[in-house]
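Q: I would like to learn how to read the aromatic contacts in a model such as this one. Could we go through them together, with the structure in view?

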Amino acid sequence: MTESGRSVSRRTLLRAAAGISAGAAGAALLTACGSDAKPVTASSASGTPRKGGRMRAAFIGGSNETGDVTKAANTPIDYVRARVVYDELCVVGPDGRTQMQLAESVEPNADGTAWTLRVRDGVHFTDGRRLTAADVLFTLRTYMDAKANQSPLLADIDLAGAQRKDDRTLLLPMKRPNGCLDLILTQGIFVIPDGTKDFTAVPGSGPYILTQHKVGQGALLKRNPDYWGPEGPYLDELELVSIADGTARLNALKAGQVDYAASISLVAGKAERANGKIQLITPPKWEWPNFGAMLKRSQAPFTDPRVAQALKYAVDRQQMVDRVTLGFGEVANDLFGKHLPFYADDLPQTRYDPDRAKQLLAQAGAGNLSLTIRTSDYEYGLTEGAVVLAEQAKKAGITINLDKVPAGDFFADPKVFIGAKFQSANRKPRPLPLDVLFFYGSDALLPFTGLAGPKVDDLVTKVRSAVTDEQRRSSLADIQQLLHEEGGDLVWAKAPVLAAASPRVQGVKSLGYPTFPSFKDAYLA
């Protein structure tokens, strides 16, 4: 990738690809419910789906809301609307693996230098046009030309050399071996008709049809009677309401003004756990965000791996779970992707050992280490985790001072955010191969920890070019071992995103994105 391409990647993917998406723009998104809250998973449903009715759902909006489908990742309410008006080629299934949606198949050749994509037969857009391979090629080129958030992920595709083999089949050559295209196509690339000019008024192929939309207020959608899918949609109408404040969303639910309230705070969830009039909804564990910090391995004092290791030994992870997630999260192990396919759960759990941390610092000539961590109240867990870390690190002889940045400035300058030496982090999960390509190696889109060099680059290349499950398993095992031993990711806990809803709400599915779930199968019991 060229330096120009990398700079574009950093600007457009700073929030979405870092896992700090627009869906986290509201207060306190990372949350959970107590053991007596009787939560249900986002994909659960009781009884037989019932058709009819209007479901009202409140999501985070904001000043950057837009009707442009190529910019749907800007805010949760835009993304939710896009997920029901349009379809993707692939989605992330409940087990973290790729599921086909508009694609019938997405297959690589033996070395990942080309992919063959075949679309479903019998799918039509709401203006009557039949879905073809030409629509897919137009969509991919449009996302690249628009420099959409997803465009850096598509940079390895040789779109100029793409070939339509027939109406339903597309051959996509790659500029370099890439075995991750099936995963890339799960990242919010909504298929639109060939030749589209106005991206704010595009016919989709999804389960709902947009009837009204006002930026900053919300949207009204009606069921698509000709939807191609085998199940759903069930609702007559879906109303999306823009409410920026988490407390206001919850209050709207409790007052009966909405049926579903996204992104409920940890404290509010705990307070409502015994309220039988609402249900608390949590996603599968693999979708739980990661609480922690990032150490820039390419900057002193972290250039010495012993200093980075010392910081990991200085963290009492169980205390982080108890205090920062209020006991509702789980201990993490300095790696992303826990509960996802190919996660290295055989690696030893990093333990709390301040004496070992002192020994490592002494060996590195870094005794009485003093550090400053960049943090913010941008979202829950950043400052809270930094405060607890500073307390814990004292037992290892480490002084940690807090540089608390205003929420509006935390992501304002990509160079500052990406270049920070020591910084709080709250990363949302995605398929493991994509995390590797985003964050590690000389060609990383977002090199937060600065981990690069020939050894790292070789491991990243193996992950990128892996096309079979066995190749992915082997390559990911190798790089996770390196990251666990030498990486700059401090991941001390995972905790779920929480939503609240009326007990009647059923069938809402996160499918990889708890802050902007899919309502295709939603219904009112």
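Q: Does Tyr-440 count as buried or exposed?

A: Buried means under 20% relative accessible area, exposed over 50%, and partly exposed in between, with a 1.4 Å probe and protein chains only. Tyr-440, at 3% relative accessibility, counts as buried. The model is a predicted one, in which local features need pLDDT of at least 70 and side-chain atom pairs count only at pLDDT 80 or more, while totals for chains, interfaces and linings use all residues. Residues are numbered from 1 along each chain as its sequence is written, and side-chain values use heavy atoms, with hydrogens and water left out.

Q: How many aromatic pairs does the structure hold?

A: Rings of Phe, Tyr and Trp (its six-membered ring) pair if their centres lie within 6.5 Å; planes under 30 degrees apart count as stacked, over 60 as edge-to-face and the rest as tilted. The structure holds 20 such pairs.

Q: Which rings form the edge-to-face pair with centres 6.2 Å apart?

A: They are the rings of Phe-439 and Tyr-440, whose planes stand at 75 degrees, so the pair is edge-to-face. Phe-439 is buried, with a relative accessible area of 2%, and both residues belong to one aromatic cluster, whose members include Phe-336, Tyr-378 and Phe-448.

Q: Which charged end sits over the ring of Phe-439?

A: A charge sits over a ring if NZ of Lys or CZ of Arg is within 6 Å of the ring centre and within 35 degrees of the ring normal. Here the charged end is that of Arg-427, placed 4.2 Å from the centre of the Phe-439 ring.
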